Amino acid sequence: EEMAALKEIIRLHPTYYPALYHLGGLQVATGQEAEGQNLLLKAVDLMAKREDPATFEPKSMDNLIEFLGANLRYDVARVFLERLIERYPRAAYFHDELGATAVCLGDEVTAIAMARQAVELAPQNAHFLSTLGWAHLAAGQLDEAEPHLKRSLALMPTNEVTKGNCEVLRH
C-alpha cells in the first residue's frame with residue numbers, strides 16, 4: 001500500500017526526490033535491490049541539481065543512511081554514499097559515513113581514507129575523529145588509532161562509543 005502510494009506520487013511528480021528516496025529504501029528492504037538502488041541514485045542526482053552545495057544540509061540524509069545500516073545493507077549504502085560524495089565532495093559527513101560503512105564491509109583501506117577525508121574537512125569534529133580511530137582499530141593499526149581516539153575523547157569526553165573504542169585499545 002505504501003509502495004503503491006509512493007509510485008503514484010512519482011508518476012505524478014517524477015522529479016520529487018524525497019519520494020524516490022523513500023521508495024528506493026523500501027524496495028531495497030523488500031528485496032527489490034536493483035530497482036531500489038537505481039531510485040536512490042536517481043534521487044541523489046535530482047537533489048544535486050536542485051540543492052545548492054553551499055546551503056545543503058548533509059544530515060538530511062541521516063534517516064536513509066541509518067535505515068540502510070539498520071537493514072545491514074552496507075553494500076547499498078556504500079554506492080549511495082559514493083554518489084553523494086561525487087555530488088557533494090566537501091560534505092565531511094558523507095565521507096565519515098562512508099568510512100563507517102566501509103569498516104562494516106571489512107574494507108579498512110577505504111574506511112581509513114574516507115574517515116581521514118572527513119577529519120581533514122572538519123578537524124574539530126569529535127565523531128569524525130572517533131570514526132578514524134575506529135577504522136584504524138579495525139585495521140589492527142593500534143598506534144594509528146590512539147591519537148585520533150584520544151583527541152576525540154578530549155573534544156567530547158562523554159562519548160560512549162569513543163570510550164568503548166579506547167577501552168578496546170587498552171586491551
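1. Where is the place of G133? It is in helix α8; helices here are DSSP runs (H or I, at least four residues), numbered from the N terminus. The model is a predicted one, in which local features need pLDDT of at least 70 and side-chain atom pairs count only at pLDDT 80 or more, while totals for chains, interfaces and linings use all residues. Residues are numbered from 1 along each chain as its sequence is written, and side-chain values use heavy atoms, with hydrogens and water left out.

2. G133 has a relative accessible area of 0%, so it is buried (under 20% relative accessible area, with a 1.4 Å probe and protein chains only). Not counting residues up to four places away in sequence, G133 touches A145, H148 and L149, where contact means heavy atoms within 4.5 Å. From G133 to A115 is 8.7 Å, C-alpha to C-alpha, and 18 residues in sequence.

3. Leaving aside neighbours within four places in sequence, F80 is in contact with Y21, L40, L41, V44, M61, L64, I65 and L68.

4. R73 sits in the loop between α4 and α5. Its relative accessible area is 14%, so R73 is buried. The side chains of R73 and E33 are joined by a polar contact of 3.1 Å (a pair of N or O atoms within 3.5 Å; within protein, one must be able to donate a hydrogen and the other to accept it, and residues adjacent in sequence count only if both atoms are side-chain atoms). R73 also touches V28 and L68.

5. The largest pocket holds about 310 Å³ of space. A pocket is an open set of points on a 1 Å grid over the protein atoms alone, where a 1.4 Å probe fits, with protein on both sides within 12 Å along at least five of seven lines; lining residues have an atom within 4 Å of a point. Of its 17 lining residues, E97, A100, H127, T131 and W134 are the closest to the centre. α4, α6, α8 and α10 each give two or more residues to this lining, and α6 gives the most, with 5.

Conventions: Grid points are joined across faces, edges and corners, and a volume is the space filled by probe spheres set on the points. Buried means under 20% relative accessible area, exposed over 50%, partly exposed in between (1.4 Å probe, protein chains only).
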